[in-house]
Amino acid sequence: MGVITDHLDLWGEALRGTLVLFFGGGLIAIVLGLIVGAARVSPVPIARIVGGVYVNWIRNTPLTLVMFFFAFCLPILVGERMNYTLLAVVALGIYTATYVAEALRAGINTVPIGQAEAARAIGLNFGQVMRFVVLPQATRSVVPPMMSVLIALMKNTTVAAGFSVVNLGTIRASLSEVGENALVVLLWVMVVFVGLVLLLGWLQRYLENKWRIAR
């Protein structure tokens with residue numbers, strides 16, 4: 001335990017960095033993923049095309065390259081130095097949004113098409129159909145895949161360590177400089193990540209049980 005108790009300040013900073021990347025990237029991913037997911041099932045052809053291009057382009061690009069673009073190329077394009085943590089949050093959000101969109105699209109496709117047609121027959125527009133009829137039902141079925149996406153996001157935060165963003169992925173290098181055993185540090189990092197993932201697993205079970213009762 002000494003490797004943690006003797007360096008609580010470094011561990012606290014690393015954990016805070018990981019949580020900032022996770023919650024910031026997750027917020028962007030959910031909002032953007034919801035928009036892209038709706039576009040993917042939109043009756044407007046251009047919306048489906050744009051959504052499809054975005055998903056297939058970003059999802060098939062390695063996260064490291066997406067992060068590299070935001071860390072090094074974007075500041076050059078805009079002509080000013082930018083905060084690496086903010087850039088990493090945006091990169092994670094944009095990348096993860098593709099998986100959120102596909103999880104939502106899969107959930108939307110589980111809702112019988114007759115319900116959407118009935119909603120349109122009584123005068124609801126596409127946005128109202130999605131808001132009041134489709135998404136409330138689709139939400140239940142997307143909880144497991146959505147939590148899998150968030151778990152992947154949690155682990156993907158370590159990619160930002162390669163771009164000078166402090167998080168649990170950088171703690172090994174920091175503690176190695178003060179003489180701590182790198183293997184022991186990595187084992188403790190693993191323990192912390194397991195704990196964070198177990199919390200997400202508990203949240204998944206809670207949401208599933210809550211909406212199962214509501215059904």
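Axes here are lines fitted to C-alpha atoms, for helices over the stretch in contact, with angles running from 0 to 180 degrees between N-to-C directions. The model shown in these close-ups is a predicted one.

**View 1. Helix α5 crossing helix α7.** Take α5 (residues 84–108) and α7 (residues 126–156): their axes come within 7 Å and cross at roughly 140°. That makes the two helices oblique to each other, since the cut-off for roughly antiparallel is over 145. The crossing of α5 past α7 is right-handed.

**View 2. What sits in the α5–α7 contact.** On the α5 side you'll find, among others, Leu92, Tyr95, Tyr99, Val100 and Leu104, while the α7 side brings residues including Met130, Val134, Ser141, Pro145 and Leu153. Sorted by type, the residues of this contact come out as 16 nonpolar, four polar and no charged.

View 3. Of aromatic pairs, the structure has seven. In the one formed by Phe68 and Phe72, the ring centres are 4.9 Å apart and the planes sit at 55°, so this pair counts as tilted. The two are four residues apart in α4 (residues 63–78), which means about one helical turn between them. Phe68 is partly exposed at 42% relative accessibility, and Phe72 is partly exposed too, at 35%. Ring pairs also tie Phe68 and Phe72 into a cluster with Tyr84 and Phe163.

View 4. Trp202 and Tyr206 have ring centres 5.8 Å apart and planes at 15°, so they're stacked. Again it's four residues, or about one helical turn, this time in α9 (residues 182–214). Trp202 is exposed at 51% relative accessibility, whereas Tyr206, at 43%, is partly exposed.

Technical notes:
Residues are numbered from 1 along each chain as its sequence is written. This is a predicted model: local features need pLDDT of at least 70, side-chain atom pairs count only at pLDDT 80 or more; totals for chains, interfaces and linings use all residues. Side-chain values use heavy atoms; hydrogens and water are left out. Angles under 35 degrees count as roughly parallel, over 145 as roughly antiparallel, 65 to 115 as roughly perpendicular and the rest as oblique. A crossing is left-handed if the near helix is turned anticlockwise from the far one by less than a right angle, and right-handed if clockwise. Contact means heavy atoms within 4.5 Å. Ala, Val, Leu, Ile, Met, Phe, Trp, Tyr, Cys and Pro count as nonpolar, Asp, Glu, Lys and Arg as charged, and the others, Gly among them, as polar. Rings of Phe, Tyr and Trp (its six-membered ring) pair if their centres lie within 6.5 Å; planes under 30 degrees apart count as stacked, over 60 as edge-to-face and the rest as tilted. Buried means under 20% relative accessible area, exposed over 50%, partly exposed in between (1.4 Å probe, protein chains only).
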